[in-house]
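Welcome! Let's walk through this structure together, one question at a time.

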Amino acid sequence: MKKQLLLIGGGHAHMVTLANLETFVAKGFGVTVIQPSEYHYYSGMGPGMLGGTYKPEDIRFATRKLVEAKGGRFVLGKAFSIDPEQQLVSLEDSKEALPYDVLSCNAGSSVPREVLQGDTKNFFTAKPIEELLLARKTILDRAAGGKITIAVIGSGPSSVEIAGNIHQLCREKAVPMPLIRIFAGRHFFAGRPGRVRRLARKILTRKGVDILENGYVQQVENGRIMIENGQEYTADIIFHAVGVKPSPIFTRSGLPVGPDGGLRVNQCLQSVGHDNIFGGGDCIYFEAEPLDKVGVYAVRQNPILYRNLLAALENKPLEQFQPGGKYLLIYNLGDGEGILSKWKITFSGKPAFYLKDRIDRRFIDAFRVKP
Ligand SMILES: Cc1cc2nc3c(=O)[nH]c(=O)nc-3n(C[C@H](O)[C@H](O)[C@H](O)COP(=O)(O)OP(=O)(O)OC[C@H]3O[C@@H](n4cnc5c(N)ncnc54)[C@H](O)[C@@H]3O)c2cc1C
């Protein structure tokens, strides 16, 4: 029986492995990829798709097509749990369990939904990115009938980008501009450099976005938003963009995890409990130095993960991942405007978005299935 490489998720950290899948096949290894969708969406361009800068097909990778073209097996489904003793991964809604000799996990993260009670209609999370596509349609349908209120809960990059891109969407489609309200907890865009915060506030305020800093949202129920100080608001459409949690697969499976529930890995991106389990992206907890949940790290992990998976299958030495220094961040505030920040350099406007657009398109093109 061939040795089996099993990949959970075809996310940002598996791009190089997927692009080189034929190398595994040529060496006589079987490769299977599990993913709940035939496509993987590039999150960095998700808010731009909401705003209308990109079409869904501009920002996604055709994972099934790529895997099958390169001689692997694609399984449409969701990994549920891992049995490290039997070396099996079970699937949600299926009796099939997939065997592995080496397993790599890139199942990403999701936005917690604990605040939500009751009706989930018109409630959207910032991830998975497919939600933003549904949200776009709902906004256009609802806003066409008159002025509506849209709440964006959260105060990080995805909340700021979603608010800015709702403005772009409604402006370009000439529907009545909704009241867009960011529920920013106690401090808008907390944890970002002062100049970035000021620029984001200025740009969003200019677009008419209302930024509330009167406390954290405690509960959302049937379009009602309850704040910790007892105040209550209503909204027609609600976005939840409060940050992310790693996939629950690892805690569910009893594997060693970090405080956030991410698969606890050493410097070789290898589970600290099981030599033949690896991982990358938002779903891991990098023991040496906890990493921000940004795509930048998933992208940087790519070549190491690819080479280590091959090395593990061939019983060769592993390489260590170095997270690297500060990373460039560019936020898409909609209407062609961005905010760029790295080291002491911060600026906003069209040039910042132009740069983001160039970088993102280059990334997509590098890993897209070529006709
Ligand atoms: C709106 C938004 C904008 C962002 N913009 C940026 C940005 O501009 N720059 C940046 O650096 N970061 C950005 N981020 C952060 C970035 O999204 C994450 O850090 C990045 O997506 C992590 O990549 P990943 O591959 O680990 O996870 P994901 O992108 O979540 O990919 C995980 C993959 O695994 C699949 N999967 C999930 N569960 C299972 C399962 N049970 N079984 C099998 N497959 C599964 C999913 O379908 C998906 O294909 C943004 C985040 C959001 C929400």
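Q: How many residues of domain 1 are in contact with domain 2?
A: This is a predicted model, in which local features need pLDDT of at least 70, side-chain atom pairs count only at pLDDT 80 or more, and totals for chains, interfaces and linings use all residues. Residues are numbered from 1 along each chain as its sequence is written. Contact means that C-beta atoms, placed from the backbone, lie within 7 Å. On the domain 2 side there are 15 residues, and on the domain 1 side the number is 14.

Q: Which element gives the most to the side of domain 1 that touches domain 2?
A: Helices (H or I, at least four residues) and strands (E, at least two) are DSSP runs, numbered from the N terminus. Both α3 and β10 (109-110) supply at least two residues of that side. With six residues, the top contributor is α3.

Q: Where does the ligand's shell lie relative to the two domains?
A: An automatic or database domain assignment sets the bounds, giving domain 1 (4-110 + 244-326) and domain 2 (116-243). Both domains give residues to the shell around the ligand, so the shell lies between them.

Terms used: Contact = placed C-beta atoms within 7 Å.
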